[in-house]
Amino acid sequence: MRQNRTRPAVLGALARGPASGYEIRRRIESSFGHFWQESLGQLYPTLSALSGEGLIRVADEGGHGDRKRVRYAITKAGREALALWLKEAPAPHVERNELLLKVFFANEGKLADALAHLESSLRDAQAQRDILLTLAKEIFPTGEPRETEALLGWLTLDYGLVGLRAHIDWCEGALRRLRARAR
């Protein structure tokens, strides 16, 4: 499953209960969307492939006319495939960060553009941090949970917050340094 990383995301989402493609996408966005995204264009071919391999099955079909809704459920074989994937070492994380690319090549353009990008990225990170902090207070009002399943969710949320804090700190420092040079 290492090749197509959408597969384990779909299997994991379905391990929490049957869902349609749209519901899977919403489930991803609302639970682990702060560190993983999937488009509907990725989900539907993956659902078809997983179904063809017997890793998921059609749980029920509803709707009417053009609005037919197919909901899928994970099979025993799907749970086994997910468990095997969970045992594999994660693929090395290679970051593709357009902001850093623009900063790196900023001498080829205008410094004002780099400053504007940094300011925008800082605002976006602060807004995303505020969303995650609100989410953390709603989901984990007492802080770090005692139950293992809840702790796993808390840890991924904490990772997002730590990363955002680091990004905010870096943007503030980069802006300070570049503004000092621009004077």
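Is Lys102 buried, exposed or partly exposed? Lys102 is partly exposed, with a relative accessible area of 39%; buried means under 20% relative accessible area and exposed over 50%, with partly exposed in between (1.4 Å probe, protein chains only).

The model is predicted, so local features need pLDDT of at least 70 and side-chain atom pairs count only at pLDDT 80 or more, while totals for chains, interfaces and linings use all residues. Residues are numbered from 1 along each chain as its sequence is written, and side-chain values use heavy atoms, with hydrogens and water left out.

Lys102 has a charged partner. Glu98 forms a salt bridge with Lys102, and their closest N and O atoms are 3.8 Å apart; a salt bridge is a side-chain nitrogen of Lys or Arg within 4 Å of a carboxyl oxygen of Asp or Glu. Glu98 is exposed, at a relative accessible area of 56%. Because Glu98 and Lys102 are 4 residues apart in helix α5 (residues 98–104), about one helical turn separates them. Helices (H or I, at least four residues) and strands (E, at least two) are DSSP runs, numbered from the N terminus.

The structure holds 8 salt bridges. Another of these joins Arg7 to Glu53, with the closest N and O atoms 2.8 Å apart. This pair links distant parts of the chain, since Arg7 is in helix α1 and Glu53 in the loop between α3 and β1 (56–62), 46 residues away. Arg7 is buried, with a relative accessible area of 14%, whereas Glu53 is partly exposed, at 45%.

Arg71 pairs with Asp60 in a salt bridge whose closest N and O atoms are 3.6 Å apart. Here too distant parts of the chain are linked: Arg71 lies in strand β2 and Asp60 in strand β1, 11 residues apart. Both partners are partly exposed, Arg71 with a relative accessible area of 23% and Asp60 with 33%. Salt bridges that share partners join Glu23, Asp60, Arg69 and Arg71 into one network.

The nonpolar side chains come next. In soluble globular proteins, such side chains tend to be buried together. A nonpolar core is a set of buried Ala, Val, Leu, Ile, Met, Phe, Trp, Tyr and Cys residues joined through side-chain atoms within 4.5 Å. The largest one has 18 residues, and those with the most contacts inside it are Val10, Leu11, Leu14, Ile24, Leu47 and Ile56. At least two residues of this core come from each of α1 (6–15), α2 (21–31), α3 (40–52), β2 (69–74) and α4 (76–87). Helix α1 gives the most, with 5 residues. Leaving aside residues up to four places away in sequence, Val10 touches Ile24, Leu43, Thr46, Leu47 and Leu50, where contact means heavy atoms within 4.5 Å. A second, separate core of 16 residues includes Leu99, Leu122, Ala125 and Trp154.
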